[in-house]
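Hi,

Here is the structure I promised to pass on. Have a look at it first, and then read my notes below.

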Amino acid sequence: MSVRVANKAVCSPPEQSSPSSLKLAPVQTAALDPSGYCETPVYNPDLCPNMIAAQAKLVYHLNKYYNEKCQSRKAAISKTIREVCKVVSDVLKEVEVQEPRFISSLNEMDNRFEGLEVISPTEFEVVLYLNQMGVFNFVDDGSLPGCAVLKLSDGRKRSMSLWVEFITASGYLSARKIRSRFQTLVAQAVDKCSYRDVVKMVADTSEVKLRIRDRYVVQITPAFKCTGIWPRSAAHWPLPHIPWPGPNRVAEVKAEGFNLLSKECYSLNGKQSSAESDAWVLQFAEAENRLLLGGCRKKCLSLLKTLRDRHLELPGQPLNNYHMKTLVSYECEKHPRESDWDENCLGDRLNGILLQLISCLQCRRCPHYFLPNLDLFQGKPHSALENAAKQTWRLAREILTNPKSLEKL
C-alpha cells in the first residue's frame, strides 16, 4: 500500500509514529524560539510598502550571495570534478581490461559527466551503468523500503544472463555479489593505473570507494538504468490534488525512469537475510533534476547547498545536499504555480524550505520525495539532528532579520 505525502501533512513525535505513516512534517519552530517564528510572507501588491521593500532587499542580497559565493563554489567543484574524473576514468579503464563486463560509462556530455553526483565539495559518487538486465523481472513489493530485487523471469534463462555467476540459487541477481567482484577488480586496477601514487582504496567498507590525493573521496557504484517502467513504491506520485508538476512534466519524469544501485541501503541496517543483502537501491537522480527545471528552483537549491557546505557541515553528518534537494521538491508541491518561483519570490521559497528543514530535524523525520516510506534521517544520531535544527534556526533567523548578514555567511 502506498503512503501519500499530503500538502499539509502531520509528523507525529518519533515515539508515536510508525514506518507505514511516514509523512512530511509541518513547519514547527516554536520549540526553539517562540518569539522568532513568523508565517512565510507571500508576495502581494496590497502588502505594506515596508514589507515589499524588505522582501526586495532580501532577494537583492540572495542574488548577490548567489553570484559571489554559489558561483565560486560551482567553479571550484567543476574544477575538482575534472581532476577526479581523470583518475576514476584511468582506474575504470584498467578494470575493463581485466573484466570487459564492467565497461566505463563515465562520459562527458554538455560539460557534465553522466552518472556523477556531488555529495559535497570533497565527496562524489560515480554510477557505473551495467549492460543487459533483460532476463530479470523488477520486483518492488514495498517490503524493503527504498530497495527492489531483480529475479530471473524464467529459470531456464539463467545461462542467457551476462551475470550468470552472480545469480543466487533462488534466482535473484545479487547486488552484493556484483559489488564484491567489482571491489576486487578496482583494488587491482588501483595498483596498475597511472595515478597509483595519488589514489588508494578506502578500507573497512563493502562499498567501492577511492581516496584521491588525500583530499577527495569517490564512491563508484555499479547500477542498472531502468527506463519505461515506474516503481510501484512510487505509484502515489504525482499527488492527484496538487497541480504540480503538470502532465507533460510527469510524463517526462517517468520516461526518465530510475536507477538500481549496488550499494548498502541504510534502511536495511541490521538485517541479514539473503534477499535483503541481494537487494538493489532505488535512485531517481535524473528524474529529480528534471523536476527542478524552470523558475528559481535550481538557484534556490544552489543557495541551500552553499549554506549547508559553509554552515551545516556538522558532527555526525546529519545533513547532506540530498536533503536540500528533497525539500525543494516538497516546496514545489506547496507552491505549485510557476509564478511562485519567479525571481522575486526567491526569499520566500528559501525561508519556507529552511523552516521546513527545522521542523523535519525536530521530528527526526525526512521522507524521501518519491518513496515516502523511506526516512532520509534513519540512522542519524538524535543529538546530531537536534544540533542541526538549532544551527539551521540560527541561520534562518539571521537571514530573515538581517539580509545583509549574507555578506559574511
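Let me start with a lysine and a ring: Lys299 sits over the face of Tyr66, 4.9 Å from the ring centre. Bear in mind that this is a predicted model. Lys299 belongs to helix α6, which covers residues 297–311. Is Lys299 buried or exposed? Its relative accessible area is 17%, and the cut-off for buried is under 20%, so Lys299 counts as buried. Leaving out neighbours within four places in sequence, Lys299 touches Asn63, Tyr66, Glu343 and Leu346. There is another lysine over a ring as well: Lys151 lies over the face of Tyr172, at 4.7 Å from the ring centre.

Now the overall picture. The protein chain has 409 residues, and 49% of them are buried. Its secondary structure comes to nine helices and 11 strands. Taking the contacts with a separation of 6 or more, 70% are between residues 24 or more positions apart.

Next, the aromatics. Searching the whole structure turns up 13 aromatic pairs. One of them is Tyr330 with Tyr369: the ring centres are 5.2 Å apart and the planes meet at 75°, and since over 60 degrees counts as edge-to-face, that is how this pair is classed. It also ties together distant parts of the chain, with Tyr330 in helix α7 and Tyr369 in the loop between α8 and α9, 39 residues apart. Tyr330 and Tyr369 are both buried. They are also members of one aromatic cluster, along with Phe138, Trp230, Trp237, Phe258, Phe284 and Phe370.

Trp237 comes up again in the backbone: its peptide bond to Pro238 is cis, with omega near 0°. Pro238 is in the loop between β9 (216–226) and α3 (247–256). That loop also holds Pro245, which is joined to Trp244 by a cis peptide bond with omega at about -10°.

Helices α7 (residues 321–334) and α8 (residues 346–363) pack at about 115°, and their axes are 10 Å apart. The crossing of α7 past α8 is right-handed. Which residues of α7 meet α8? They are Met324, Leu327, Val328, Glu331 and Lys334, and on the α8 side the partners are Asp348, Arg349, Gly352, Ile353, Gln356, Leu357 and Cys360.

Gln317, in the loop between α6 and α7, has a positive phi of about 45° although it is not a glycine. Arg364 is not a glycine either, yet its phi is positive, at about 60°. Arg364 is placed in the loop between α8 and α9, and its relative accessibility of 26% makes it partly exposed.

Last one: Glu386 in helix α9. Its C-alpha atom is 6.5 Å from that of Leu361, although Glu386 and Leu361 are 25 residues apart along the chain. With a relative accessible area of 46%, Glu386 is partly exposed.

Cheers

How values were computed. Residues numbered from 1 in each chain as written. Predicted model: local features only at pLDDT ≥ 70, side-chain atom pairs only at ≥ 80, totals over all residues. Heavy atoms only, no water. Axes fitted to C-alpha atoms, helices over the stretch in contact; angles between N-to-C directions. Helix = DSSP H or I, 4+ residues; strand = E, 2+ residues; numbered from the N terminus. Left-handed = near helix turned anticlockwise from the far one by under 90°. Contact = heavy atoms within 4.5 Å. Phe/Tyr/Trp six-rings, centres within 6.5 Å; stacked < 30°, edge-to-face > 60°. Buried < 20%, exposed > 50% of the residue type's maximum accessible area, 1.4 Å probe, protein only. Lys NZ or Arg CZ within 6 Å of the ring centre and 35° of its normal.
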